[in-house]
Amino acid sequence: LVSWFLVAPPLAAQARRYQALTIPEFLGHRYQSNALRRLAGLVVIVASLAYMVAVFDGAARSLDGLLQIQGSWVTMAVIFVVVTGYTLSGGYHSVVATDAVQGMILFVGAMALPVAMIVRRGGLGNLLDEVHRVSPTALDWSNEMPLITMAGLALGVGLKFIVEPRQLSRFYGLSSEEEL
């Protein structure tokens with residue numbers, strides 16, 4: 001929400017003002033520096049490659065486990081061909097559209113999962129009692145992975161999404177404030 005409603009509007013307006021299509025192009029125009037543009041491009045390429053490898057590997061492992069297939073490389077190749085195919089045929093807007101659909105599915109799942117767990121266990125108190133029974137230190141503040149560390153990790157990952165290049169690049173697909 002911070003990314004879309006606080007960062008996106010001024011970024012999208014400035015990007016249109018500079019007629020920039022990418023983050024590196026925007027930074028190059030904004031700071032009048034080709035060196036910064038090249039450095040930003042390199043960061044985006046490295047981060048995007050690492051991100052895509054992780055996404056394709058995760059998707060392949062999930063699909064392998066779901067379908068009980070042995071051979072992540074075959075599954076990864078199929079996923080790569082499908083994603084590359086719809087990206088090339090539909091362009092940038094196809095990527096944004098599938099991200100939006102996936103985002104809605106993930107949001108519904110993220111809301112439904114804790115509710116289902118609480119309902120299934122007969123209330124939040126019963127769920128927490130069950131977690132404590134299965135793993136007595138899971139909810140302690142001082143175990144191997146204390147709750148404060150988990151909260152910090154969640155906050156760190158969440159804050160990353162406010163300004164990460166992949167997220168920011170979605171703003172460039174918007175043609176107006178109304179689309180935002």
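At roughly what angle do the axes of helix α1 and α2 cross, and within what distance do they come?

**View 1. Helix α1 and helix α2 in the predicted model.** The axes of helix α1, which covers residues 2-18, and of α2 come within 10 Å and cross at roughly 75°. Because angles of 65 to 115 degrees count as roughly perpendicular, α1 is described as roughly perpendicular to α2. On the α1 side the contact is made by Leu11, Gln14, Ala15 and Tyr18, and on the α2 side by Phe26, His29 and Arg30. Sorted by class, this contact of α1 with α2 has four nonpolar, two polar and one charged residues.

**View 2. Helix α2 and helix α3.** Helix α2 (residues 23-31) and helix α3 (residues 34-67) have axes that come within 8 Å and cross at roughly 160°. Since an angle over 145 degrees counts as roughly antiparallel, α2 is roughly antiparallel to α3. The crossing in which α2 passes α3 is right-handed. By class, the contact of α2 with α3 has six nonpolar, three polar and two charged residues. From α2, Pro24, Glu25, Leu27, Gly28, His29 and Tyr31 take part, and they meet Leu36, Arg37, Ala40, Gly41 and Val44 in α3.

**View 3. Helix α2 and the residue just after it.** Within α2, the residues Ile23, Pro24, Phe26 and Gly28 are buried. Of these, Phe26 is also part of the contact with α1, while Pro24 and Gly28 are among the α2 residues that meet α3. Just after α2 comes glutamine 32, which takes a positive phi of about 50°.

Technical notes
Residues are numbered from 1 along each chain as its sequence is written. This is a predicted model: local features need pLDDT of at least 70, side-chain atom pairs count only at pLDDT 80 or more; totals for chains, interfaces and linings use all residues. Side-chain values use heavy atoms; hydrogens and water are left out. Axes are lines fitted to C-alpha atoms, for helices over the stretch in contact, and angles run from 0 to 180 degrees between N-to-C directions. Helices (H or I, at least four residues) and strands (E, at least two) are DSSP runs, numbered from the N terminus. Angles under 35 degrees count as roughly parallel, over 145 as roughly antiparallel, 65 to 115 as roughly perpendicular and the rest as oblique. A crossing is left-handed if the near helix is turned anticlockwise from the far one by less than a right angle, and right-handed if clockwise. Contact means heavy atoms within 4.5 Å. Ala, Val, Leu, Ile, Met, Phe, Trp, Tyr, Cys and Pro count as nonpolar, Asp, Glu, Lys and Arg as charged, and the others, Gly among them, as polar. Buried means under 20% relative accessible area, exposed over 50%, partly exposed in between (1.4 Å probe, protein chains only).
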